[in-house]
Amino acid sequence: QENLVESGGGLVQPGGSLRLSCAVPLNLFRVGSMAWYRQTPGKERELVAGISAANTLVYHDSVRGRFTISRDFAKHTVELQMNDLKPEDTGVYYCNVPYHINSPPGPYWGQGTQVSVSS
């Protein structure tokens, strides 16, 4: 069983920042492609950001320019820096491996981390 473990969620005011991190087992990290999804009440899980093995970055329109996905090769983590957070960013954020552009999510998920944006 492959365990992806997210951390870094929390409660933040609008305009604030959070950094999410997901520890990825080495054999999955070596695949090179991974993504962040989020689930908000009443909506389907949606892709927030993805990074391909070729370093192509994909972002949901609503977060482009505010969020940045990256990989830490020393820590074997995938990170999501979230700036200028808005109430509509509230949700449970999941990391997912592997990521392929314009394809369904991969089979490996973390347990999720809650992000709440509220004043």
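**Rings, a disulfide and a buried arginine**

Reader: Start with Phe73. Buried or exposed?

Author: Exposed. Phe73 has a relative accessible area of 55%, which is over the 50% cut-off. Keep in mind that this is a predicted model.

Reader: How many aromatic pairs does the structure hold?

Author: There are 3. One of them is Phe29 with Phe73: the ring centres are 5.5 Å apart and the planes stand at 85°, so this pair is edge-to-face. Phe29 sits in helix 1 (residues 26-29) and Phe73 in the loop between strand 7 and strand 8 (77-82), so the pair ties together parts 44 residues apart in sequence.

Reader: And Phe29, buried or exposed?

Author: Buried. Its relative accessible area is 6%.

Reader: What about Tyr94 and Trp109?

Author: They form an edge-to-face pair, 6.2 Å centre to centre, with 90° between the planes. Tyr94 lies in strand 9 and Trp109 in strand 10 (residues 108-109), 15 residues apart. Tyr94 is buried at 14% relative accessible area. Trp109 is partly exposed at 28%.

Reader: Which residues are in the cluster of ring pairs?

Author: Tyr37, Tyr94 and Trp109.

Reader: Switching topic. Which cysteines does the disulfide join?

Author: Cys22 and Cys95, with 1.9 Å from S to S. The link is right-handed, with 40° about the S-S bond. Cys22 is in strand 3 and Cys95 in strand 9 (residues 91-97), so the pair ties together parts 73 residues apart in sequence. The structure holds 1 disulfide.

Reader: Are those two buried or exposed?

Author: Buried. Cys22 has 0% relative accessibility, and Cys95 has a relative accessible area of 1%.

Reader: What stands opposite Cys22 in strand 3?

Author: Glu6. Strand 1 and strand 3 (residues 18-23) pair in the antiparallel sense over 3 bridges.

Reader: What is the strand order in that sheet?

Author: The order is 1-3-8-7, an open sheet of 4 strands with antiparallel pairing. Strand 1 (5-7) and strand 7 are at the edges with a single partner strand each, so one side of each has no neighbour in the sheet. From one strand to the next, the twist averages 15°.

Reader: Last one. Where is Arg66?

Author: In the loop between strand 6 (57-59) and strand 7 (67-72). Arg66 counts as buried because its relative accessibility is 9%, under the 20% cut-off.

Reader: What does Arg66 touch?

Author: Leaving out residues up to four places away in sequence, its contacts include Gln81, Asp84 and Asp89.

How values were computed. Residues numbered from 1 in each chain as written. Predicted model: local features only at pLDDT ≥ 70, side-chain atom pairs only at ≥ 80, totals over all residues. Heavy atoms only, no water. Helix = DSSP H or I, 4+ residues; strand = E, 2+ residues; numbered from the N terminus. Buried < 20%, exposed > 50% of the residue type's maximum accessible area, 1.4 Å probe, protein only. Contact = heavy atoms within 4.5 Å. Pairing = 2+ DSSP bridges. Axes fitted to C-alpha atoms, helices over the stretch in contact; angles between N-to-C directions. Disulfide = S-S within 2.5 Å. Phe/Tyr/Trp six-rings, centres within 6.5 Å; stacked < 30°, edge-to-face > 60°.
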